[in-house]
Amino acid sequence: MAEHMYPRKILEYMEGFLISKVVFSSCELGVFDVLLGAERPLSAEEISQAVGASLDGTQRLLAACTGLQLLNTHQDNGQVLYSNTEQASVYLTRSSPVSLYQSIQYSSRTIYLCWHYLTDAVREGRNQYEKAFGVSSKDLFQALYRSDEEMVKFMQLMNSIWNICGKDVVTAFDLSPFKVICDLGGCSGALAKQCTSAYPECTVTIFDLPKVVSTSREHFVMEADQRISFHEGDFFKDPLPEADLYILARIIHDWTDERSIELLSKVYKACKPGGAVLLVEALLYEDGSGPLTVQLYSLNMLVQTEGRERTAAQYAALLAAAGFTNIQHRLTGKIYDAVLGLKET
């Protein structure tokens, strides 16, 4: 039986990294930006000149993008012309308000390098920053923010994610009763903006490391956002500002259970009676059988952090250990979901 089987799926999996690199390189070269700016289909020669690449290499790259349904082809007097698909224009061009360009660049230049050491990560059970970048990972965010350039790249990644997924997670529950919100590790402020947009009566304080706050003020949050303020600090070491609701978006998945309970207990103590905490995370099925994206994210947590992805029940257990009650979760139907825990009055 086995000799007659064609290993289609296995071959697809083996070639998966090739697909990633086609997307990475096309974005880095600016292929989709050039086509968007032209406002008409272009030939391979025109595109190669615009991006400063060889004609032969560009033709092959464009063919692969067409096969991936990122580009459309058109025939004009025997010449092949190319244009963006709608998805490419919306998500792969730098100028789009919901662009994934920065997220793709971070995946290409940082995450991809860490994944080169996945086998080592599995053997050792720890992240691979030292091998990938030559920096110690004893302080996780010192490693993540090992240079100003790397910090800005990470912030741009988070910004692009919440521009797309933020509204769904902040409206998964009705958060309107919570007027004073603290976004712990709020980074670029993209999720804070989603909160103030969805709940006009709320104010949001972004709590993050001093250099992150400084960069956010400079690049991401304008002075016109008067309902958004900043508080500098390390959420493990420094006092937390009092609030009705604390949001921890893609924070707990960075840490071990012990560190997570330590942080959540601190949040519980700072939280006003009748307040709550909202965790925003990618949830595994309760039996761990999927979704595949979240299973892969959990491996990414292994190569990059101290943490893991978890099920809703596992997050509920962490929240309960910290003192929160009436814990519920809501699925958004997209990558990130929401878990809400209350502090009794």
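Modeller: Strand S7 is joined to strand S8 (residues 271-281) by 6 bridges, and the two run parallel. This is a predicted model, in which local features need pLDDT of at least 70, side-chain atom pairs count only at pLDDT 80 or more, and totals for chains, interfaces and linings use all residues. Residues are numbered from 1 along each chain as its sequence is written, and side-chain values use heavy atoms, with hydrogens and water left out.

Strands (E, at least two residues) and helices (H or I, at least four) are DSSP runs, numbered from the N terminus. Two strands pair if DSSP finds at least two bridges between them. In S8, Val 280 is the bridge partner of Ala 249. To get from S7 to S8, the chain passes through helix H14 (residues 257-270), and this β-α-β crossover is right-handed. That term means that, with the strands pointing away from the viewer, the path from the first strand over the helix to the second runs clockwise.

S7 also pairs with strand S4 (residues 180-184): 4 bridges join them, and they run parallel. Here Cys 182 stands opposite Tyr 246 in S7.

How many residues of S7 are buried? The strand is mostly covered, with 7 of its 7 residues buried. Buried means under 20% relative accessible area, exposed over 50%, and partly exposed in between, using a 1.4 Å probe and protein chains only.

Phe 235 lies in the loop between strand S6 (228-232) and strand S7 (243-249). Is Phe 235 buried or exposed? Phe 235 counts as buried because its relative accessibility is 11%.

The surroundings of Phe 235 can be listed by contact, which means heavy atoms within 4.5 Å. Leaving aside neighbours within four places in sequence, Phe 235 is in contact with Leu 184, Gly 185, Phe 207, Leu 240, Ile 251, Trp 255, Leu 263 and Lys 266. One of these contacts, Gly 185, is 50 residues from Phe 235 in sequence, yet their C-alpha atoms are 7.9 Å apart in space. Another, Leu 184, belongs to S4, which spans residues 180-184 and pairs with S7. Leu 263 and Lys 266 are also among the contacts of Phe 235, and both fall in H14, residues 257-270, the helix of the crossover.
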